[in-house]
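Please look over the sequence and the three-dimensional structure shown below before reading on. The paragraphs after it are meant to be read with the structure in view.

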Amino acid sequence: MPTTEKTHYDVVIVGSGFAGANMAYMLGQKGKKVLILEAGPGIERSREDYLENFYLNTFKAPEAPYPPDATALAPAKTNVPRPTIPELVFNTWDAKPGRWREPEQSYLSYQQSQLPFASTYERLAGGTGNHWMGTALRMTDNDFKTLSDYGHGRDWPIGYDDLKKYYHQAENLIGVSGDAAEQQSIGPDFGDTNFPMRALPKSKLDQLVAERVNGKSLAVDTEDTTAQVTVTPAGRNSEPYQNRRVCRGNTNCTPMCPIQAKYDTQFALRLALDTGNVTLQSKAVVDYLTVDTSDLNTTGSNDEKKKITGVHYLTYDDISAPAKSGKTGENTVSADTYVLAAHAIENAKILLYSTKKNGVNIANSSDQVGRHLMDHPVYLAWGLTSEPVYGYRGPLSTSGIESFRDGGFRKQRAAWRIEIGNEGWNWPATDPYTTAQDYIYGTNTGQLNENNTVLSNAEYRDTCNEKLTRQFRVGFLVEQEADPENRVMLSETLVDHLGIPRPELRYNISDYVKAGFRSAKAASQKLHKLMDAKEYTKATTEVATHWFDPVDKSVYNYAGAGHVCGTHIMGDKPENSVVNDKQQSWDHPNLYIAGCGSMPSIGTQNPTLTMLAMCLRTVEEGILGV
Ligand SMILES: Cc1cc2nc3c(=O)[nH]c(=O)nc-3n(C[C@H](O)[C@H](O)[C@H](O)COP(=O)(O)OP(=O)(O)OC[C@H]3O[C@@H](n4cnc5c(N)ncnc54)[C@H](O)[C@@H]3O)c2cc1C
């Protein structure tokens with residue numbers, strides 16, 4: 001592992017994920033000397049090690065291959081804890097008082113009466129981009145101005161046209177396969193540009209959905225719009241690209257593609273290191289930024305006084321071995337420019353802790369740090385098709401229905417996009433394992449063994465084949481609007497093993513989003529009907545991620561999409577936002593706070609392509625000032 005040889009750099013970047021690795025690559029190519037401080041283990045372990053972890057782990061969640069071991073769940077005893085899926089900690093949830101019974105088991109803690117934030121992220125070299133799925137859709141024009149157009153959420157200080165050229169660059173950097181003409185037909189303007197690779201083919205399931213649903217309306221409030229199944233642009237090779245292989249359909253994009261046909265951020269990080277100008281220091285947990293406080297009580301009318309002077313970080317030997325904690329070190333490094341790229345929740349945590357440690361407000365004169373936490377709460381629906389569609393192969397998702405992402409209905413309810421999943425009931429029911437076990441033990445956990453039959457031999461094989469090949473699911477990614485009350489704060493009582501306060505969240509789902517869920521449910525019922533499919537969607541109060549809807553008097557469950565946004569939003573005024581349109585702190589000119597946390601609205605599309613486009617713009621027009 002390289003260590004910090006210098007103590008002053010052109011740029012210090014905190015975090016080596018999607019934002020950090022790619023910004024380092026851009027800056028390194030321009031000859032800037034960059035240090036990346038990365039909290040988690042570096043890339044010294046091979047991908048095969050992580051893959052083996054996944055194969056051997058019975059817990060097949062996105063974080064299964066990566067450290068720390070999610071089932072160990074002791075954030076107070078881990079140097080770099082990170083959230084894990086609510087399902088793993090839901091039995092610690094006491095629905096009556098509405099709080100975590102044992103907060104020690106959940107890295108993210110909650111204020112009482114709040115809903116759990118259902119998404120996770122990684123803390124190791126490459127970050128969450130190790131296990132992202134690869135979906136790379138652009139935002140629509142109107143997604144940048146939801147407040148002006150629809151009276152909900154926040155507007156961006158920039159629009160689609162400001163990001164257009166960077167979208168194109170980001171698609172080339174990632175290596176996105178897709179069909180620009182088809183995308184253009186449903187929204188974003190591609191001009192005369194195209195994706196670097198042709199689209200991957202539609203799966204058998206996509207074709208069946210297209211055959212039965214195309215041209216039909218799905219929601220009552222969008223009757224004038226009809227459904228169109230389109231191939232989803234994705235960072236997944238349809239041709240050899242960047243020395244990576246062509247997708248062979250392992251259905252394992254999340255948590256990692258076994259043949260690296262999917263772009264992942266360890267790949268991005270290697271590109272950065274290969275410039276020869278970028279140093280990665282792993283196992284270096286940044287806890288706070290420093291400022292020269294001697295003159296700061298004047299609240300810094302002069303820019304020099306407000307500059308960040310250093311990054312303070314703690315090093316350790318072993319990610320979750322308290323016994324070795326004696327080896328923990330404390331360091332500070334300085335640079336001309338600082339970039340926080342530790343992801344939305346961690347960026348906010350570092351800024352809030354910086355304020356606490358320095359005793360003066362850091363980047364938070366607007367009081368907006370940590371606020372407007374967003375995700376795409378997902379309405380999952382699943383059923384059995386009338387004929388085999390042979391899921392569990394192909395990329396996890398190849399197509400979606402994007403037709404309903406925008407429209408006047410957004411004045412009344414949140415919009416959604418529909419992702420069509422090729423992995424059977426893996427997400428909603430942990431299949432094929434659940435159904436396979438049901439027919440061995442005579443149980444009906446997965447709902448397909450109503451008579452609690454026990455089967456063996458050919459009968460078992462034929463039944464599983466007959467059921468599993470007809471499974472499908474769709475996920476409605478519901479837009480969540482920026483709400484200042486959904487926020488990240490510092491826990492006053494809970495710390496990680498290094499003594500750093502853990503994030504405390506306040507998170508709720510608004511009536512606007514709930515109305516989006518009601519419409520998703522109605523659309524899903526219609527979709528199943530059109531497909532001649534039997535729906536098995538089931539909602540339960542057994543998990544923490546549920547609410548009771550008084551309007552249609554039923555229970556709703558939600559899943560997390562992993563799209564952690566907001567927390568340091570950009571705006572056009574220092575009074576109401578944390579960063580400007582170049583992700584530069586209003587309060588500290590040499591500090592950039594980069595990532596999905598800067599997004600004032602989330603739209604319905606998976607956010608990382610937009611975030612990367614924003615970061616490329618930040619490097620070019622902000623840090624390099626071209
Ligand atoms: C299951 C799943 C699937 C997803 N699929 C998609 C998809 O298909 N399409 C899409 O657009 N998005 C997807 N996402 C979201 C996507 O992964 C994120 O938007 C993206 O990775 C965010 O990039 P980032 O660089 O901001 O953060 P990250 O990639 O999380 O990187 C942050 C980095 O900062 C480091 N760090 C954290 N704290 C500190 C600290 N204190 N000191 C130093 N370093 C620190 C972390 O270790 C990490 O390396 C998915 C997410 C999940 C969970």
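This is a predicted model: local features need pLDDT of at least 70, side-chain atom pairs count only at pLDDT 80 or more; totals for chains, interfaces and linings use all residues.

Residues are numbered from 1 along each chain as its sequence is written.

The protein chain is divided into domain 1 (1-173 + 267-374 + 483-509 + 565-626) and domain 2 (176-262 + 378-479 + 511-557); such bounds come from an automatic or database domain assignment. The centres of the two domains, taken over C-alpha atoms, are separated by 29 Å. Where they touch, domain 1 contributes 40 residues and domain 2 contributes 37 residues; two residues are in contact if their C-beta atoms, placed from the backbone, lie within 7 Å. On the side of domain 1 that touches domain 2, the elements α2 (47-56), α3 (86-89), α4 (146-150) and α5 (160-174) each supply at least two residues. Helices (H or I, at least four residues) and strands (E, at least two) are DSSP runs, numbered from the N terminus. By class, that side of domain 1 has 22 nonpolar, 14 polar and four charged residues. Here Ala, Val, Leu, Ile, Met, Phe, Trp, Tyr, Cys and Pro count as nonpolar, Asp, Glu, Lys and Arg as charged, and the others, Gly among them, as polar.

In soluble globular proteins, nonpolar side chains tend to be buried together. The largest nonpolar core of this model has 167 residues, and V12, I13, V14, M23, A24 and V339 have the most contacts inside it. Helix α14 (residues 608-623) gives the most to this core, with nine residues. At least three core residues come from each of domain 1 and domain 2. A nonpolar core is a set of buried Ala, Val, Leu, Ile, Met, Phe, Trp, Tyr and Cys residues joined through C-beta atoms within 7 Å. A residue is buried if 20 or more other C-beta atoms lie within 10 Å of its own, exposed if 12 or fewer, and partly exposed in between, with C-beta atoms placed from the backbone. Leaving aside residues up to four places away in sequence, V339 touches V11, I13, V14, M23, Y592 and A594.

Which residues are closest to the ligand? They are G15, G17, G127, G562 and T608, among 43 residues that surround the ligand, each with its C-beta atom, placed from the backbone, within 6 Å of it. To this shell α1 (18-29), β8 (284-291), α9 (344-358) and α14 each supply at least two residues. The shell has 19 nonpolar, 20 polar and four charged residues.

Three strands form an open sheet of mixed pairing, in the order β5-β16-β15; two strands pair if DSSP finds at least two bridges between them. Because β5 (109-110) and β15 (487-495) stand at the edges, each with a single partner strand, one side of each is left without a neighbour in the sheet. Strand β16 (residues 501-506) pairs with β5 in the parallel sense over two bridges, and with β15 in the antiparallel sense over five bridges. In β16, E504 stands opposite S109 and is also the bridge partner of M489. Five of the six residues of β16 are buried, so β16 is largely enclosed by the rest of the structure.

Strand β12 (residues 397-401) has five of its five residues buried. Three bridges join β12 to strand β6 (residues 229-231), running antiparallel, with V231 opposite S399. Four bridges join β12 to strand β13 (residues 416-421), also antiparallel, and there I401 stands opposite I418.
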